[in-house]
Amino acid sequence: MTLRALLLALSQRPTIGAAMDRLPITRRFVRRFVAGRTVEEAFRVIAALDARGLMTAVTYLGENVATPADAEQATGTYLVLLDEIARRRVRCLPSLKLTHLGFDLGEDLCERNLTRLLERGAAVGVRVWIDMEGSAYTERTLDLYARVRARHANAACVVQSYLRRTPADVDRLVGLGATVRLCKGAYQEPPSIAYPDKHDVDAAYARLVERLLADDARTKGVYPGFATHDERLQRHVITTARARGAAVDGWEIQMLFGIRHDLHARLAAEGVPLRVLVPYGEDWYGYFMRRLAERPANLVFLLRNLIRN
């Protein structure tokens, strides 16, 4: 088993997270990637990024809720976030998981909760980004997105370059004139449906950049967000967008809070539209472990500090 596969497997063991939460050193390290546990802590980070001229997105961490009451609680929290974004006048938007809104409990329940958020978002002029989860949800997520997008232009979705099916999904989304985030993908998937080799994932990502910035996509009104910390892929996005004549307000690069923050000032100085995703909440463990799996250097840093302490 590779280190990445091991970390992704461990991300499904929340008891480890409970143990980590009792150690001050691991709690401090988690805060490199997670803004905190409360709305106020999240907006403290968001305000600091906004003051530096950066756009943001906020995620209330959680997924696969077990009861309708849990889904209602998550929906209520996102309604609060939308109101706070409007009140504080920050360039921020929510980014959420459908399983946090009750997707496992029934699509009707989830769609009702999502519709409430899209309506509130439209009222305050804010886009709502629907994250992509594991491959078991891909088809259902895109189908639900297509339904709500027909009624709510502020709905946005995500595709993952490591899935072999994604070029066809992107063609479908181009036809809808969708708002799309392209990421690599952070879940453990079998080679039959996902590229196992990083080189192939990166090559697929580069091809999808070109597709999302193609003339017909821009004519349809597609707005792409390119989520990557890879400097080579970021440069590919920038040069492709400029070569195609894409307006500076017609695309963006997205990065996660706590990862490659050294690139922020350089990209902003170059006039690149940049958004930083800020996660917060009690349910941080699965998210945190997927970030370690994406970048083993983070694990080395954690272990070194644990040994030192």
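Okay, first the ground rules: the model is predicted, local features need pLDDT of at least 70, side-chain atom pairs count only at pLDDT 80 or more, and totals for chains, interfaces and linings use all residues. Residues are numbered from 1 along each chain as its sequence is written, and side-chain values use heavy atoms, with hydrogens and water left out.

So, the chain. You'll find 14 helices and 8 strands in it; those are DSSP runs, H or I over at least four residues for helices, E over at least two for strands, numbered from the N terminus. The chain has 309 residues, and 56% of them count as buried, meaning under 20% relative accessible area with a 1.4 Å probe, protein chains only.

Now, the cavity. Searching the whole structure turns up 1 cavity of 30 Å³ or more. Here a cavity is a set of points on a 1 Å grid over the protein atoms alone where a 1.4 Å probe fits but cannot get out, and lining residues have an atom within 4 Å of a point. The space in the largest cavity is about 40 Å³; that volume is what probe spheres set on the points fill, with points joined across faces, edges and corners.

Which residues line the largest cavity? They are Met 132, Thr 138, Val 158, Val 159, Gln 160, Leu 163, Arg 165, Thr 166 and Asp 169. Strand E4 (155-160) and helix H8 (166-176) each give at least two lining residues, and E4 has the largest share, with 3 residues.

That's the tour, thanks!

Key. 1 Å grid on protein atoms, 1.4 Å probe; cavity = no way out; pocket = protein on both sides within 12 Å on 5 of 7 lines; lining within 4 Å. Buried < 20%, exposed > 50% of the residue type's maximum accessible area, 1.4 Å probe, protein only.
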